[in-house]
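Please keep the sequence and the coordinates at hand.

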Amino acid sequence: MQMYGRRAHASIALAGLALLAACGAVPETRQAPPEPADIIFIGDNIVTMDGTEATGVAVLGDRIVAVGAVEDILERRTSDTRIVDLGDHTLLPGFIDAHGHVAVQARLINLVNLSSPPVGTATSIADIQQLLRDEIVAKGIPPGQWVIGYGYDESLLSDQRHPTRDDLNAVSADHPILLAHVSFHLAAMNSAGLAAYKYDAATADPAGGRIQRRAGTQEPNGVLEEAAAQRPMLERILVNDGFEDELRKTLDLYASYGVTTVQDGGAMMGDVAMMRAAAAREPLPIDLVAYPFLIAMTEEQRAELRAEDYAGGFRLGGGKFVLDGSIQGKTGYLSEPYAETTEGEGADYRGYPAMSVETFQKLSRPFFERDVPLLIHANGDAAIDMMLNGVSNALGEQPSRDHRTVMIHAQMMRDDQIDRAKALGVIPSYFSAHPFFWGDWHRKILGEERASRISPIRTTIEKGVPFTVHNDSPIIPPDMMRLLWVTVNRKARSGYVLGADQQATVMEALYAMTQGAAYQYFEENEKGSIAPGKRADFVILGENPLTADPDALKDIPIVETIARGRTVYPK
């Protein structure tokens with residue numbers, strides 16, 4: 001028996017069965033014996049998420065076969081059954097990643113981490129410069145070869161600005177240098193990097209993006225905004241050498257946070273092919289659902305795109321559109337100006353859309369007609385209006401169709417937009433870790449009132465709208481317990497509570513990470529709760545989050561993760 005703590009009634013039940021068997025006193029029954037179980041979990045802290053009370057759970061193969069009282073569940077025990085005595089630990093359905101970017105997360109494994117605490121160590125541009133110098137020396141990177149870092153965040157640097165080409169030239173004039181912003185909606189390059197892509201004073205801003213300029217000139221200062229201007233970043237980071245090994249390591253990382261279903265919410269079609277091939281060679285340890293960037297696909301690829309069933313733990317779930325940028329990066333598209341504008345912009349600056357209304361509506365309508373699920377990135381409330389108008393236009397006279405279009409991030413969602421989302425069947429997936437990571441910054445760039453309303457979860461619950469929450473990894477690590485903690489407490493780095501009236505209860509936040517996410521994926525009959533017939537996906541926590549101190553939720557350890565009835569963490 002595997003034991004995670006001391007339990008009285010489970011031990012008594014086991015001993016009683018053994019004594020009855022030894023004495024030949026097992027009562028006769030006319031019913032056929034229940035199917036034997038491969039695994040039986042017993043404990044007082046089993047959170048089924050569907051309201052069912054249970055002290056025992058039986059698993060056969062990759063399925064849950066029984067949930068109920070421990071005495072009944074133990075009838076399925078054989079000499080080969082693994083008995084897991086939970087003790088003081090808690091069994092929950094496996095966490096479901098409602099939005100993230102697995103392929104990018106995988107490719108960052110070998111790059112320079114320029115994140116600020118608690119994810120990294122950079123607190124200034126000088127720190128970033130030193131980390132890059134150390135990388136060049138440690139790896140012996142020869143002149144002319146790219147040096148790439150990720151995760152810098154000007155809002156958390158003492159300098160309170162982006163690194164420029166001049167800052168990066170001070171690291172090396174001989175190496176092209178590229179830095180990905182924490183949001184992946186901006187990037188910074190040195191002069192050698194800009195020259196490699198012929199970015200100069202004569203280069204026009206692309207549609208849906210911007211090349212920041214030195215004050216009073218058209219000369220690029222090294223900072224690039226949005227994917228339209230970040231082609232160099234995408235080409236350099238999205239390389240394929242060693243991808244399958246990096247992918248499997250990344251899925252193991254997610255499993256260590258209790259995740260049993262993970263998303264690539266913006267995959268390139270080349271990544272999709274490699275994921276499919278990897279899953280065909282050897283099943284992936286946890287489920288992976290990919291939604292390719294639709295704007296990056298050919299017309300033929302878009303016409304052929306369909307949601308698929310799992311094969312080897314991988315499936316296509318639909319497609320992804322991006323309508324605006326990042327709120328913390330000031331490229332999110334707002335209806336009212338930012339309280340603090342970006343350099344070179346006037347007081348009326350409110351961000352901008354990543355594509356035109358006409359392009360979005362033209363490209364998205366065929367997917368609604370073919371019932372292809374969509375993820376649509378919309379951060380600012382102007383982008384949210386754009387999205388909701390597009391969905392309404394696409395649904396036409398069939399507004400009740402079960403399309404479950406997902407609004408990714410939905411940070412600046414207004415109350416009237418929540419009402420529209422409910423009427424249209426749109427599911428907001430909130431980047432609810434924001435209050436901790438960027439809450440103090442939001443107060444500065446948005447003002448107190450708007451900042452306090454980011455990720456309006458309480459209002460969403462009160463209006464009866466299904467929702468999910470996510471980490472958007474690799475923007476931040478896929479730490480599900482920290483996500484739970486922020487969603488419940490909404491504490492900024494300073495300790496300031498950002499919008500106490502939008503806090504969720506622990507159970508409501510857990511819903512968003514289990515049942516709500518399963519519903520978002522059209523997988524509610526397979527995942528999201530501990531019920532007979534569903535997949536044997538579980539996470540075992542070191543403490544029951546429903547009875548723990550809410551401020552200590554982030555510190556509850558992941559003890560074990562089980563996917564398809566197999567332990568995937570710890571291995």
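Where is the place of Gly-464? In this predicted model, Gly-464 lies in the loop between helix 17 (457-462) and strand 21 (468-469). The residue counts as partly exposed because its relative accessibility is 48%, a value that falls between the limits of 20% for buried and 50% for exposed.

Attention may now turn to strand 11, which covers residues 186-189. From this strand, Leu-186 and Ala-188 point one way, whereas Ala-187 and Met-189 point the other way. All of these residues are buried. As a general rule, the side chains of a regular strand alternate between the two faces of the sheet.

Strand 11 has pairing partners that include strand 10 (residues 177-181), with which it pairs in the antiparallel sense over three bridges. Within this pairing, Ala-188 of strand 11 is the bridge partner of Leu-179. Strand 10 and strand 11 form a hairpin with four residues between the strands, and in this hairpin Phe-184 takes a positive phi near 60 degrees. Strand 11 also pairs with strand 13 (residues 220-225), again in the antiparallel sense and over three bridges. Here the bridge partner of Ala-188 is Val-223 in strand 13.

A helix contact comes next. The axes of helix 9 (residues 243-256) and helix 10 (residues 269-281) come within 10 Å and cross at roughly 75 degrees. Helix 9 is therefore roughly perpendicular to helix 10, since angles of 65 to 115 degrees belong to that class. On the side of helix 9, the contact involves Phe-243, Glu-244, Leu-247 and Arg-248; on the side of helix 10, it involves Asp-271, Met-274, Met-275, Ala-278, Ala-279 and Arg-281. These contact residues divide into six nonpolar and four charged, with no polar residue.

At the level of the whole protein, the secondary structure comes to 20 helices and 24 strands. The radius of gyration is 25 Å, close to the 25 Å given by the globule rule for 571 residues, so the protein is as compact as a globular protein of that length. Its C-alpha trace spans about 95 × 60 × 50 Å along the principal axes. Buried residues make up 57% of the 571 residues. Among contacts between residues at least 6 apart in sequence, 73% join residues at least 24 apart.

Conventions. Residues numbered from 1 in each chain as written. Predicted model: local features only at pLDDT ≥ 70, side-chain atom pairs only at ≥ 80, totals over all residues. Heavy atoms only, no water. Axes fitted to C-alpha atoms, helices over the stretch in contact; angles between N-to-C directions. Helix = DSSP H or I, 4+ residues; strand = E, 2+ residues; numbered from the N terminus. Parallel < 35°, antiparallel > 145°, perpendicular 65-115°, else oblique. Contact = heavy atoms within 4.5 Å. Nonpolar A, V, L, I, M, F, W, Y, C, P; charged D, E, K, R; others polar. Buried < 20%, exposed > 50% of the residue type's maximum accessible area, 1.4 Å probe, protein only. Pairing = 2+ DSSP bridges. Rg over C-alpha atoms; globule rule 2.2 N^0.38 Å.
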